[in-house]
Amino acid sequence: MGYFNEDQAYARQIILDHYESPDNKIDEKKAKEIYSSYLQHTNNSVSCIDNLTLYLLIENEIIKDAKFFGVGCAVSTASTDIFCNLIKNLSIYETKLLLDNYFKMIDKQEYSADLLKDLIIFKNVNQQMSRIKCAKVGISAIATIIEKR
């Protein structure tokens with residue numbers, strides 16, 4: 001994972017790739033189709049355009065699927081998309097560990113980089129105060145779903 005730390009251009013490209021072609025973003029029609037079978041939570045940012053609804057399919061304490069719908073900037077869309085990729089087939093416990101480490105990284109606290117995998121590209125987002133909320137909006141919705149379920 002060290003290459004993300006040294007090559008900011010590469011990290012920016014990954015963010016752009018997940019923003020322009022997110023793996024887990026769904027359209028309104030699909031959101032209506034899965035509404036009754038997935039747990040969901042909407043989170044937004046009052047300071048920018050981010051307004052994302054997260055959908056999790058949880059079976060036997062395992063996250064079977066993760067999708068999102070809505071509008072977000074590059075940082076919120078990419079972080080949410082990467083997080084959705086990483087939590088599929090993880091247990092609730094493993095997802096909570098990932099959540100905890102991600103939020104610690106964003107909040108400039110001690111964290112385990114190995115657990116974060118591709119999310120490590122967001123490690124410097126806290127250098128721009130306006131981007132901290134962007135990096136948290138979708139992931140906070142996931143945390144809320146897990147806590148409320």
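Rings of Phe, Tyr and Trp (the six-membered ring of Trp) are taken as a pair if their centres lie within 6.5 Å; planes under 30 degrees apart count as stacked, over 60 as edge-to-face and the rest as tilted. In this predicted model, local features need pLDDT of at least 70 and side-chain atom pairs count only at pLDDT 80 or more, while totals for chains, interfaces and linings use all residues. Residues are numbered from 1 along each chain as its sequence is written, and side-chain values use heavy atoms, with hydrogens and water left out.

**Aromatic cluster**

Ring pairs link F83, Y102 and F103 into a cluster. F83 belongs to helix α4 (residues 74-87) and Y102 to helix α5 (residues 92-106), so the pair ties together parts that are 19 residues apart in sequence. Helices here are DSSP runs of H or I with at least four residues, and strands are runs of E with at least two, numbered from the N terminus. F83 is buried, at a relative accessible area of 0%, and Y102 is likewise buried, at 0%. Buried means under 20% relative accessible area, exposed over 50%, and partly exposed in between (1.4 Å probe, protein chains only).

Two strands are said to pair if DSSP finds at least two bridges between them.

| Strands | Bridges | Orientation |
|---|---|---|
| β1 (residues 39-44) and β2 (residues 51-59) | six bridges | antiparallel |
| β2 and β3 (residues 62-71) | nine bridges | antiparallel |

A hairpin of six residues connects β1 to β2. Between these strands, N44 has N51 in β2 as its bridge partner, and Q40 has Y55 in β2. The hairpin of β2 and β3 has two residues between the strands, and N60 there takes a positive phi near 50°. E59 has I62 in β3 as its bridge partner.

**Largest pocket**

A pocket is defined on a 1 Å grid over the protein atoms alone, as an open set of points with protein on both sides within 12 Å along at least five of seven lines; the points take a 1.4 Å probe, and lining residues have an atom within 4 Å of a point. The largest pocket holds about 290 Å³ of space. Of the 14 residues that line the largest pocket, R12, I15, V75, V125 and Q128 are the closest to its centre. Helices α2 (8-20) and α4 each supply at least two residues of this lining, and α2 gives the most, with five residues. By type, the lining divides into eight nonpolar, four polar and two charged residues.

**Two further buried residues**

A11 is located in helix α2 and counts as buried at 2% relative accessibility. A11 and I120 are 109 residues apart in sequence, and their C-alpha atoms are 9.1 Å apart in space.

N126 sits in the loop between α6 (113-116) and α7 (129-148). At 7% relative accessibility, N126 is also counted as buried. Its side chain reaches the backbone oxygen of M105 at 3.1 Å.

Note on methods. Points joined across faces, edges and corners; volume = space filled by probe spheres on them. Nonpolar A, V, L, I, M, F, W, Y, C, P; charged D, E, K, R; others polar. Polar contact = N/O pair within 3.5 Å; in protein donor to acceptor, adjacent residues only side chain to side chain.
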